Amino acid sequence: MTQESQTLITLFGATGDLAARKLYPALFSLYKKKELSQNFALIGTGRREWTTEKLQSIVRQSIQDDDQALIEEFSSHFYYQSHDATNGENYTLLKDLADELDEKYNIGGNRLFYLSVAPFLFSTITGYLREYDLFADDAHINRVIFEKPFGTDLASAKQLKEELLEHLDRDEIYLIDHYLGKEIVKNLLTLRFANPLINNVWHKDAIANVQITLAEKVGVEERGEFYDKTGALKDMVQNHILQCFSYLAMEQPKSLDTADILQAKVDALRNIKSLDDSALCDSIVRAQYVADEQDTAEESYRENKNVDSQSETETYVAGTLYVDNDLLEGVPFYYRTGKKMADKTTRFDIVFKNQEDSIFDNAEQNVLTIHLGPKNGFSLCINEKEIGYKFGNSVTTLNNFRTDEQLEKTPDDYERLIFEAIQGNQINFAQYDEVIASWKYIDQVKSVWEDSDDLTTYDVYSKGPKEAEDLLTKDGHNWIW
């Protein structure tokens, strides 16, 4: 048991959907595995007039486990305080409760704050935490997790950076993106740089293109009001897709030290090839899902009760990126993400070039696929001799998927990230320079969209619009999924 596992957690946004759906189960898993000690407590805050008993009830309901006694024990560590984050006087009450629980659970002064709130509140909350002396002193642990998004554009992200650094040191700031907590994303480093078989062909002379697909089968559902102000570009591309791109496009880090890995990711994002507005517009497809008018069971995006009936917000984005580095210069990275697509799948497809001097005229391209969900693992599409008398070739796929037993042992995204924040490991958290580089690209895309009327549509439960197919076919490629 480490000293860090003795922690007082203060959660801003404790009444929200993310807390019940992800955070409470993640914390319970850490508690069950004894990665959180008995010397921990959590203060949940929110505007709702809940009680501690109400919060503890919600915590118990959020956990799927047969050990009811352990669930009861775990939930007893949770306390609630109704809180207006913009009212400084409320922080006096919060400090009183924090000091009381620190003593009650013999925590020893360690503090972790989790801000699952809108980004415009980040600076306000951290400023009041500093003013009202809620942060740990220099002898103890003080860490703050900020839930995405970090800003709403490049200017706001830069402003947030400056404001937060007035109240916190860099090593106290943890910008969370749950995709960075996925086991298979972490495994990319091992796959690429521990295997000569892969590393020796991960370059521009061997790779034809790379495809990043983050497809969802659900629509916007009850998130319509939020989503209509955000869209797929900001909701998925700015963070998840560009973070995945950085792992796929990075050159080999100098070492496995956190600083070297993070620098390699930053370099990949900074080296996204700059395009003029016309070329950028041609490299991006945006669309909205629509339902068949005869299908009364499904609704188009604009028919959602929380969405503007004339909305121009995209629910689908596909695009092309290039990285300016010696390793992968000229290799197109295609990405796409959308709501109400044919299936839920998250995958990376690395498509290799065919041999120019191959004696097999009809050999298929080799494809390495990294599956992040719902299946987890790797598959490799290769050519082999077809069965029978002919000396032709057929395609086979070598699969290595995680077993149920392996998946049972795999930490959930949020479980891993909360654990690493408690331990003080920032390697799986986004860094300022990554966020700034990603917003630079997103802002340029948003700028060219302002002068464009190219929003198209796609049928619900399809793989997206025809324009996304054309994005690849004009380069002589096609989507693997």
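This talk covers a sheet and its helices, a helix pair and the cavities of one model. Keep in mind that the model is predicted.

Sheet first. Strands of a sheet pair through backbone hydrogen bonds, either parallel or antiparallel. Here, nine strands make up an open sheet with mixed pairing. Reading across, the order is E14-E13-E12-E11-E7-E10-E9-E8-E15. Which strands sit at the edges? Strand E14, residues 393-401, and strand E15, residues 456-459, each pair on one side only.

Now zoom in on one pair. Strand E8 spans residues 284-290, and strand E9 spans residues 316-321. They pair in the antiparallel sense, over four bridges.

Helix H15, residues 432-450, touches E8, E9 and strand E10, which is 333-338. The direction of H15 makes about 70° with that of E8. Then there is helix H16, residues 466-473. H16 lies across strand E7, which is 207-215, and also across E8, E9, E10 and E15. H16 runs at about 10° to E9.

On to empty space. Rolling a probe the size of a water molecule over the atoms shows where empty space is left. How many cavities of 30 Å³ or more are there? The count comes to five. The largest cavity has a volume of about 140 Å³. Its lining has 15 residues. Lys148, Gln238, Asn239, Ala430 and Val435 are the ones nearest the centre of the largest cavity. H15 comes back here: it supplies at least two residues of that lining. So do strand E5 (142-147), strand E6 (173-176) and helix H10 (231-249), each with at least two. By class, the lining of the largest cavity holds seven nonpolar, four polar and four charged residues.

Last topic, a helix pair. Two packed helices are described by the angle between their axes and the distance between the axes. Helix H1, residues 17-32, packs with helix H2, residues 52-62. The angle is about 85°, and the axes are 9 Å apart. Angles of 65 to 115 degrees count as roughly perpendicular, so H1 and H2 are roughly perpendicular to each other. From H1, the contact uses Ala20, Tyr24 and Pro25. From H2, it uses Leu55, Ile58, Val59 and Ser62. The classes in this contact of H1 with H2 are six nonpolar, one polar and no charged residues.

Conventions
Residues are numbered from 1 along each chain as its sequence is written. This is a predicted model: local features need pLDDT of at least 70, side-chain atom pairs count only at pLDDT 80 or more; totals for chains, interfaces and linings use all residues. Side-chain values use heavy atoms; hydrogens and water are left out. Two strands pair if DSSP finds at least two bridges between them. Contact means heavy atoms within 4.5 Å. Axes are lines fitted to C-alpha atoms, for helices over the stretch in contact, and angles run from 0 to 180 degrees between N-to-C directions. On a 1 Å grid over the protein atoms alone, a cavity is a set of points where a 1.4 Å probe fits but cannot get out, and a pocket is an open set with protein on both sides within 12 Å along at least five of seven lines; lining residues have an atom within 4 Å of a point. Grid points are joined across faces, edges and corners, and a volume is the space filled by probe spheres set on the points. Ala, Val, Leu, Ile, Met, Phe, Trp, Tyr, Cys and Pro count as nonpolar, Asp, Glu, Lys and Arg as charged, and the others, Gly among them, as polar. Angles under 35 degrees count as roughly parallel, over 145 as roughly antiparallel, 65 to 115 as roughly perpendicular and the rest as oblique.
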